[in-house]
Each structure stands twice: as structure tokens, then as C-alpha cells.
Amino acid sequence: MDKSEIAAIFEEIAILLELQGANPFRVRAYRNAARSLLNSDKSLKELIQEGKLTELAGIGDDLAEKITTLALKKRLPFYEKLKKSTPKGILKLIQIQGLGPKKVKALYEKLKIQTVEQLKKACAAGRIARLKGFGARTEKNILDALAHRETYQKRHLWWDAWERAEEILEALKKVKGVKRAEIAGSLRRGLETIGDIDILAASSNPKSVMDWFSRQDFVDKVLSKGPTKTSVKLEGGMQADLRIVPEDEFGFALCYFTGSKEHNIKIRSLSLKKGWSLSEYGFEKAKGKGPSPVKKKAEEKDIYEVLGLSYIPPEMRENLGEVEAAEKRKLPTLIQLKDIRGTFHNHTTASDGKNTLKEMISAAERLGWEYIGISDHSKSSFQANGLSAERLLAQTEEIQKLERSKEFKIHIFSGSECDILADGKLDFPDDVLEKLDFVIASVHTSLSQDEKTITKRIIRAIEHPAVTMLGHITGRLLLKREGTKVDVEKVIDACIANKKIIEINGNPYRMELDWRYLRAGVQKGLLTCINTDAHSIHHHAFIRCGVNIARKGWLEKKNALNTRTLKEIIKYFKK
DNA sequence: GCCGTTTTCGGCCCGACTGTTTTCAGTCG
């Protein structure tokens with residue numbers, strides 16, 4: 001049983017305990033432990049063998065033992081007993097928007113409802129509305145939630161959510177009375193997938209702004225509307241929340257609505273220890289404690305300063321050690337978009353790209369980059385019109401000719417996204433690979449190999465002297481396809497040992513090497529390269545996603561190859 | 001169930017909005 005399976009069981013235990021009316025803090029302990037486990041950069045095996053489980057935040061002796069039992073014996077009597085005491089369908093009911101543990105419990109106890117089907121029927125018969133604590137509105141809301149269950153529950157790619165949020169933000173900033181507005185939530189934290197869009201605005205006339213928001217064409221349905229908070233469903237099912245605060249409280253509110261929840265809990269506890277209660281409105285004197293520490297009008301950095309912390313960038317706010325590091329003034333200086341001088345993973349019409357070589361180059365030049373690497377697919381990727389050795393060498397020659405002609409100011413490197421074949425060999429012979437400036441080795445086929453085989457296969461490719469970097473490590477497509485099972489830590493170690501780079505693929509669907517592994521990797525000395533996997537001139541913009549993920553993985557400028565100057569890159573490739 | 005520079009017991013972040021209530025519980029973030 002792996003980390004994610006155990007975390008899922010802990011989440012389920014949390015729900016089951018909630019349904020039984022257990023102590024909410026006990027429930028939270030299971031959720032915290034699940035998250036802590038999932039976000040740990042150590043393997044489950046290492047955590048167990050070296051007894052390091054209790055070193056993770058929120059995991060004590062009891063939960064460490066439960067995790068160990070699940071990992072080794074693949075079952076947990078406590079969980080099985082708990083499961084037996086609750087009808088199976090109930091877990092599905094609690095996922096319906098608006099239904100929490102209390103309501104689900106009441107439905108079960110009073111109407112014997114334990115499946116979605118039974119719930120639908122009861123609503124249709126008007127039996128829900130007659131229930132104490134329920135009513136006609138609740139019944140209608142349940143029916144609504146049931147009808148849109150799939151679209152409402154869906155998560156969204158960061159890029160898609162960001163594009164929509166930017167549109168709303170730009171319009172909002174023009175609304176009369178809006179003094180400031182920012183995107184908050186997981187979108188601001190740069191998480192790879194997003195549940196809903198959070199937008200914060202400052203205005204002294206919140207009512208008119210709320211009225212404006214709820215009347216927009218992009219709004220499909222208003223879920224709730226109050227003086228400071230309005231929630232809507234956008235067309236397509238994405239949820240957007242708008243919060244409005246007075247201008248003086250903007251910094252506090254921005255910090256709060258950016259989250260993460262766990263980060264907030266952490267800094268609020270820290271604040272309480274210092275004698276102040278922190279909320280989205282400001283600091284308040286906790287009972288019997290010292291005086292309020294800051295002026296009312298404060299920016300985020302002021303809040304962190306009062307708490308004795310360095311400013312923590314939004315991407316790091318996941319309660320994964322950033323508060324402790326900020327306390328010791330040991331936060332890294334995160335890489336920025338402007339540090340990027342070019343990318344290497346770019347496709348053209350020669351394989352499956354939408355734009356020609358020259359179009360891809362000139363689009364990169366317009367971004368102000370110093371260099372661009374071209375890496376079309378290799379011959380085994382039939383589906384992507386992969387290049388034969390002859391076609392590849394012809395392309396290389398064309399690139400060299402372009403270089404000599406000085407048609408472009410930007411330097412062009414010729415490379416290949418070369419398939420790692422099922423046995424770990426590369427898709428081109430050595431004498432072809434030697435003619436290239438760089439080689440990205442990627443897995444595109446035989447994705448169903450077992451973990452051991454695929455790890456060995458990737459490591460064999462990494463060890464090939466012609467390989468510069470490893471492409472999308474697991475091949476995952478977020479929200480579409482799970483990645484292959486790879487022993488990521490082993491691959492990272494092999495890359496470090498062989499002085500090879502691991503790509504951070506900024507394509508919105510990929511966003512890997514996953515930031516949860518990045519941090520430990522670069523601490524051990526891993527070098528990365530942030531690429532976009534561009535298949536058209538518009539995809540160069542995905543560099544922003546790549547940088548997001550890099551920042552979430554605590555990357556500094558020096559940890560990514562493509563922050564280096566052209567001169568340094570040429571030197572690096574010659575090694 | 002976790003955790004400790006006030007604590008090994010007694011806390012555990014804090015508030016908005018809805019709907020069903022006539023003062024608040026439930027859900028959500």
C-alpha cells in the first residue's frame with residue numbers, strides 16, 4: 001500500500017468518525033496526518049524503516065502505528081470495524097455540496113437514506129422538506145447539487161482557472177468603488193489544480209460591487225450572496241468566490257484568503273502564542289494579553305514581520321516547514337519568471353507542433369529570451385509524427401544555417417525529445433545523438449510497465465552519455481491520466497550521480513517533476529530545467545506554470561539551467 | 001488524535017452565509 005492509498009483511507013476514516021459525531025479535533029488529526037504523509041518528500045519505506053513517521057507534523061505514535069500496519073499488512077482492523085458500522089453509500093452522500101456529516105446522519109437515521117438514488121426519490125416525494133432542520137430550500141438545493149454533481153466537483157487546471165480569474169479581475173478593477181483587487185486562494189499559491197477561484201477586492205461600497213458581480217454574463221448561478229462574500233458558479237461549473245473588505249484590511253484579508261488553510265492555522269497559532277488573535281480583519285488583543293501590535297493598515301509583509309517571520313511568498317504557504325524556515329530567516333530566494341532566459345523542450349511542425357521552426361523561434365525572440373532549444377519527437381513516437389534520423393539531421397543542418405545567417409538574434413540549439421524505448425535504450429544511434437546540442441529523454445510508450453522495470457529503464461537512459469535531461473518524469477496528464485509508477489527518488493539520485501538534469505515540465509497538464517519532490521531533490525544537488533513542452537507559439541506562455549511549480553518546490557535561480565546566460569549554457573553543453 | 005519557551009492535560013483558527021429558526025446549527029473555506 002502506498003502513501004496515497006493510506007492517505008485516502010485516513011480521509012475516509014475522518015468522514016466515518018464525523019458521521020459518528022466524534023471529537024472534531026480527532027477527525028482533523030486524521031486529515032492532517034493524511035496530508036502530512038502525502039506531502040512528505042521521503043518514501044513510505046524510508047519513513048517506516050527509519051522510524052521517521054512521527055517526525056512528520058501531525059503524526060504521533062498512534063497514527064504512525066496505523067500507517068505502519070496499513071503499509072505492511074495492507075489492512076487495519078480499526079478501519080474495517082468502522083466501515084462495517086456505516087452503510088456504504090453514505091460516503092457518497094457526504095460529497096454532495098451542502099450536505100455535511102450532521103445532515104447525512106439525520107437523513108440516515110430519520111429516513112433510512114443511504115444511497116444517492118434514495119436521496120433523489122425522497123427529494124422528489126417532498127419528504128426532505130418535512131424533516132426537522134431541513135426545509136423546502138434545502139430540498140431544492142440538494143436536487144440542484146445532485147443535478148450538477150459532476151461539473152461542480154471537478155477540479156481545474158491552474159492555467160484554465162487563471163485565465164478566467166484574470167478576466168474577472170480585470171473587469172472588477174474597472175468597477176466604480178473598487179480600490180484594489182487580487183486573486184487569492186490556491187490559484188495565487190500556484191497549485192497545479194484548482195477547486196475554485198478566490199478573488200479579493202477592497203471597496204467602501206461592497207453592495208454595489210456584489211450586485212455587479214452577481215449580474216455578470218459569466219455567472220451561471222448565484223450560490224450565496226452577502227455583504228462581504230458572494231459565491232457563484234461560472235458557466236462550465238467552475239466556482240468563483242468574491243470577498244470584499246475595507247481598504248485598510250486588505251493585507252490581512254489577502255493573507256487569510258490566500259491560505260493555505262493549514263498555513264493559516266499555523267500562523268494564527270503562532271500569533272496566539274504572542275498574545276494576539278489574528279483574523280482576516282487584523283490583530284486583536286487576545287484576552288488578558290498584551291497590546292495590539294500593528295497599525296490597522298498593514299500589508300502582508302507587515303503581518304509576517306509582527307509574527308517574527310520573513311515574508312513568505314504565496315507559493316510556499318502550505319505549512320510544509322516554511323513558517324519554521326521564516327522564523328530562522330532561512331527562506332530561499334525563490335526563482336522568478338524574469339530569471340528565465342530560454343527553454344529547451346519545444347516542438348515544431350516537423351513532428352506534432354502547430355507552428356514552424358521559424359515561427360517558434362521568432363515567438364521566443366519576442367519574449368526577450370536569449371536562446372531556444374528545438375526538440376521534436378523521435379521516430380518511435382509515430383503518433384506524434386516523430387522524426388527519422390535523416391529528418392532530424394536535416395533539421396539540425398537547417399538550424400545551423402539559421403544560426404550562421406544571423407536572421408534571428410536569439411541563439412538556437414538543436415536537440416531532440418528522444419524516446420526511451422521499452423528496454424531503456426534510446427531511439428537514435430549514438431552517432432546521430434552526438435551531432436545534437438542537447439537531448440531530452442522521455443518515456444512515451446509501454447507506460448504500463450511495473451515500477452521496478454520502468455525505474456530501471458529510465459535510469460539506463462539517464463546513464464547514456466548523450467542524454468542532457470529527463471523529460472516529463474511520470475507522463476501524467478493532470479485530471480486525465482495517472483502517471484506511470486516510478487521510484488522518483490531513485491531517479492533523482494541517479495540524475496544527481498550522473499550529473500543529469502530533470503525537466504520541470506510547465507505544460508498545464510503535466511506540471512512535473514512534482515513540486516513535492518523538487519524541494520528534497522534540489523537540496524541534494526539536483527539541477528532542473530524549466531520547460532514548456534510547447535507545441536505552438538502560444539505555449540511559450542506556459543513558462544509561467546513551470547515557474548509556479550518551481551517556486552512551490554522552493555527552487556532558487558541557481559537550481560535551474562535555463563536561468564544561465566547563453567555563454568554559460570554553451571559551456572555546459574560542451575562538457 | 002496531536003502537542004508543549006505558559007501546558008503531559010486541556011487546549012486545538014476564525015468567520016461568512018444559508019436556512020430553519022425566533023437564537024442558532026450546519027456547512028464551507
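Modeller: Ile199 stands opposite Leu242 in E7. These residues belong to strand E4 (residues 196-203) and strand E7 (residues 239-245), which pair in the parallel sense over seven bridges. Helices (H or I, at least four residues) and strands (E, at least two) are DSSP runs, numbered from the N terminus; two strands pair if DSSP finds at least two bridges between them.

The model is predicted: local features need pLDDT of at least 70 and side-chain atom pairs count only at pLDDT 80 or more, whereas totals for chains, interfaces and linings use all residues. Residues are numbered from 1 along each chain as its sequence is written, while chains are lettered from A and ligands numbered from 1 in the order in which they are written.

The pair E4 and E7 sits within an open sheet of five strands, whose order is E2-E4-E7-E6-E5 and whose pairing is mixed. Strand E2 (178-184) and E5 are the edge strands, each pairing on one side only. On average, neighbouring strands of this sheet are turned by 20 degrees against each other, direction ignored. (Axes are lines fitted to C-alpha atoms, for helices over the stretch in contact, and angles run from 0 to 180 degrees between N-to-C directions.)

Strand E5 (219-225) is among the elements that give two or more residues to the surface near DNA strand B, together with H2, helix H4 (61-73), helix H7 (101-111), helix H9 (136-147), helix H15 (261-273) and strand E8 (276-279). In total, 42 residues surround DNA strand B, the closest being Gly60, Gly100, Lys103, Gly135 and Gly226; a residue counts as near if its C-beta atom, placed from the backbone, lies within 6 Å of the strand. H15 contributes the largest share of this surface, seven residues. By class, the surface has twelve nonpolar, 17 polar and 13 charged residues. (Ala, Val, Leu, Ile, Met, Phe, Trp, Tyr, Cys and Pro count as nonpolar, Asp, Glu, Lys and Arg as charged, and the others, Gly among them, as polar.)

The loop between helix H14 (250-258) and H15 holds Ser260. The peptide bond from Gly259 to Ser260 is cis, with omega near -5 degrees. Lys112, in the loop between H7 and H8, has a positive phi near 60 degrees although it is not a glycine.

The axes of H9 and helix H8 (residues 116-124) come within 10 Å and cross at roughly 135 degrees. The two helices are therefore oblique to each other; angles under 35 degrees count as roughly parallel, over 145 as roughly antiparallel, 65 to 115 as roughly perpendicular and the rest as oblique. The crossing of H8 and H9 is left-handed, a term used if the near helix is turned anticlockwise from the far one by less than a right angle, with right-handed used if clockwise. Val116, Leu119, Lys120 and Cys123 of H8 meet Glu139, Ile142, Leu143 and Leu146 of H9, two residues being in contact if their C-beta atoms, placed from the backbone, lie within 7 Å. This contact of H8 with H9 comprises six nonpolar, no polar and two charged residues.

H2 (residues 24-39) has helix H1 (residues 3-19) as a partner, with axes that come within 8 Å and cross at roughly 170 degrees. That angle makes H1 roughly antiparallel to H2. Their crossing is left-handed. The H1 residues in contact include Phe10, Ile13 and Leu17, and those of H2 include Tyr30, Ala34 and Leu37. Twelve nonpolar, one polar and five charged residues make up the contact of H1 with H2.

H1 also packs with helix H5 (residues 77-84), at an angle of about 45 degrees and with the axes 10 Å apart. H1 is thus oblique to H5. The crossing of H1 and H5 is left-handed. Here Ile9, Ile13 and Leu16 of H1 meet Tyr79, Leu82 and Lys83 of H5.
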